[in-house]
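This report describes selected local features of one protein model. Please keep the sequence and the structure in view while reading.

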Amino acid sequence: MYLWGLLLEYSILDAAQVFSFMKRFGEFATKGSRKQASRALRGKYHMNWLEHGGRRYFSAYPRLLPIGRYRHQIACFWVLMDYFKDVGIHYSCGTFFQIHMEIEGKSYQIGYVEQGAETLCNAHMAAGGDTRYVLVLEDLSQRKLLHPGKITSIATVPQDGKVLYYRI
């Protein structure tokens, strides 16, 4: 099951992401088929089901929580889903930028930029060669602190996962 591989790669995803992914990109058009796939993830594929902060998550590891870099990666995964139909490959980076993707042979990274990390983000982008960047910001005021040369998109992602894109 592709979703099992996603959860192994990204370690933890918001349940809303998993269900949205099934509906948008899988063969799970009905609510019943999505529930059945969810049960298979928790049973046959041994994925963990947890609640944290009023939201539900699928996790590959029992004690993993959606905090820190995993919270950032979850926000970046919402953005990845907007690009997914065009993406050739994608994977979790485990670096300053959370997700790497390739579109038509070009390298892109999706990164979450915490307030105060703009200078660090600029340094990583400068060292990134031809890679282009999609950035998820905590606050739009951060835009003016980022060097726009390699940035293709800027977004904010509230907890509900509704990605909002802004001009660079």
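What volume does the second largest pocket have? The second largest pocket has a volume of about 170 Å³. The model discussed here is a predicted one.

## The second largest pocket

Six names make up the picture here: Phe-19, Ser-20, Lys-23, Lys-31, Arg-34 and Lys-35 line the second largest pocket. By class, this lining divides into one nonpolar, one polar and four charged residues.

## The largest pocket

The largest pocket holds about 310 Å³ of space. It is lined by 19 residues, and those closest to its centre are Arg-71, Ala-75, Val-157, Pro-158 and Gln-159. Strand 3 (55-59), helix 4 (69-83) and strand 7 (132-137) are the elements that give two or more residues to this lining.

Which element gives the most to the lining of the largest pocket? Helix 4 does, with four residues. In terms of class, the lining of the largest pocket has 10 nonpolar, five polar and four charged residues.

The buried residues of helix 3 are Ser-33, Arg-34, Ala-37, Ser-38 and Leu-41. They cover an arc of only 145° around the axis, so they lie on the same side of helix 3. The elements that cover these buried residues include helix 1 (2-10), helix 2 and strand 3. Arg-34, one of the buried residues of helix 3, is also among the residues that line the second largest pocket.

Arg-39 belongs to helix 3 as well.

Glu-27 is found in the loop between helix 2 and helix 3. With a relative accessibility of 79%, Glu-27 counts as exposed, because that class begins over 50%.

Glu-27 may also be compared in position with Leu-7. These two residues are 20 residues apart along the chain, and 18 Å separates their C-alpha atoms.

## Two loop residues with positive phi

Ser-11 has a phi near 70°, which is a positive value in a residue other than glycine. Ser-11 lies in the loop between helix 1 and strand 1 (12-14). Since its relative accessible area is 11%, Ser-11 is buried; the buried class covers values under 20%.

Where is His-46 placed? His-46 is in the loop between helix 3 and strand 2 (48-52). His-46 is not a glycine, although its phi is positive, at about 60°. Is His-46 buried or exposed? With a relative accessible area of 62%, His-46 is exposed.

How values were computed. Residues numbered from 1 in each chain as written. Predicted model: local features only at pLDDT ≥ 70, side-chain atom pairs only at ≥ 80, totals over all residues. Heavy atoms only, no water. 1 Å grid on protein atoms, 1.4 Å probe; cavity = no way out; pocket = protein on both sides within 12 Å on 5 of 7 lines; lining within 4 Å. Points joined across faces, edges and corners; volume = space filled by probe spheres on them. Nonpolar A, V, L, I, M, F, W, Y, C, P; charged D, E, K, R; others polar. Buried < 20%, exposed > 50% of the residue type's maximum accessible area, 1.4 Å probe, protein only. Arc of directions from axis to C-beta. Contact = heavy atoms within 4.5 Å.
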